[in-house]
Each structure stands twice: as C-alpha cells, then as structure tokens.
Amino acid sequence: KWVPVDPLITGTVGKAAVFEPPASYEYNNMSYVIAFEDDGVAKDVTRRYARAYNAKTRKLRVESTEGGEKWWKRAMKIFKRSVILVSRSIWSY
C-alpha cells in the first residue's frame, strides 16, 4: 500500500486524487515522485504520476542539466536493493 503525501502545495495525506498540484497554482510542478518500500528501497515513479511528464516535468528535472543524469543516479544509489530476491532464495550481486 502506498500513501501520497504533499505537505507543501495541496496539504494532503492519503488523497491520490489530488496528488498533483492543481493547474491553477502558479508554481504548479511535480518534478519528482519517489516510492519507498518498507525495507528502505526507493524508486523514481514520476512518469507514472505526472500528467505532463514529457511536455513539462522532464524539463524541470536535474537530469535535463549537464551532468544531471549522473548526479541523480548517484543520489538514488543509496536507496537501491543490495540483494536480489528470487523465489525464496536471496542472491547477492
């Protein structure tokens, strides 16, 4: 189960319908949506939730700057799973 939290713009918790800020908001942008699992693993799921990802959101992200993609991968590396779970076995890589 996931819980959307937006303390800054919409001031809501647990309301997926208002996850993206309203278009009428002057600084409307949802640049990043990060999903955290119970074990601390995180994944960028912005494409799934931003309505205008290719038209608007993508241009506002750090990856659109020089060296930004490398920086983002390094920043998210700490949240990667360190083992691969396969069936009931755990394989380290």
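Why does Thr57 count as buried? Its relative accessibility is 3%, so Thr57 counts as buried. Buried here means under 20% relative accessible area, exposed means over 50%, and partly exposed lies in between (1.4 Å probe, protein chains only).

The model is predicted: local features need pLDDT of at least 70, side-chain atom pairs count only at pLDDT 80 or more, and totals for chains, interfaces and linings use all residues. Residues are numbered from 1 along each chain as its sequence is written, and side-chain values use heavy atoms, with hydrogens and water left out.

The chain holds three helices and six strands. Helices (H or I, at least four residues) and strands (E, at least two) are DSSP runs, numbered from the N terminus. Their order from the N terminus is β-β-β-β-α-α-α-β-β. The chain has 93 residues, and 23% of them are buried. Contact means heavy atoms within 4.5 Å. Among contacts between residues at least 6 apart in sequence, 29% join residues at least 24 apart.

Thr57 sits in helix α2 (residues 53–60). Neighbours within four places in sequence aside, Thr57 is in contact with Met30, Ser31, Thr46, Ala50 and Ala52.

Val33 lies in the loop between β2 (12–13) and β3. Val33 is buried, with a relative accessible area of 6%. Twelve residues separate Val33 and Val45 along the chain, while their C-alpha atoms are 5.5 Å apart.

Tyr49 belongs to helix α1 (residues 46–49). Its relative accessible area is 26%, so Tyr49 is partly exposed. Tyr49 and Tyr32 are 17 residues apart in sequence, and their C-alpha atoms are 9.3 Å apart in space.

Helix α3 (68–77) has two faces to describe. Gly68, Trp72 and Met76 are its buried residues. Seen down the helix axis, they fall within an arc of 65 degrees, so they line one face of α3. The arc is that of the directions from the helix axis to the C-beta atoms. An α-helix has 3.6 residues a turn, so residues three or four places apart point the same way. The cover over the buried residues of α3 includes β3 (34–36) and β4. On the face turned away from the buried side, α3 carries the exposed residues Lys70, Lys73, Arg74 and Lys77.

A pocket is an open set of points on a 1 Å grid over the protein atoms alone, where a 1.4 Å probe fits, with protein on both sides within 12 Å along at least five of seven lines; lining residues have an atom within 4 Å of a point. Among the lining residues are Glu37, Val41, Lys80 and Arg81. The lining divides into four nonpolar, no polar and seven charged residues. Ala, Val, Leu, Ile, Met, Phe, Trp, Tyr, Cys and Pro count as nonpolar, Asp, Glu, Lys and Arg as charged, and the others, Gly among them, as polar.
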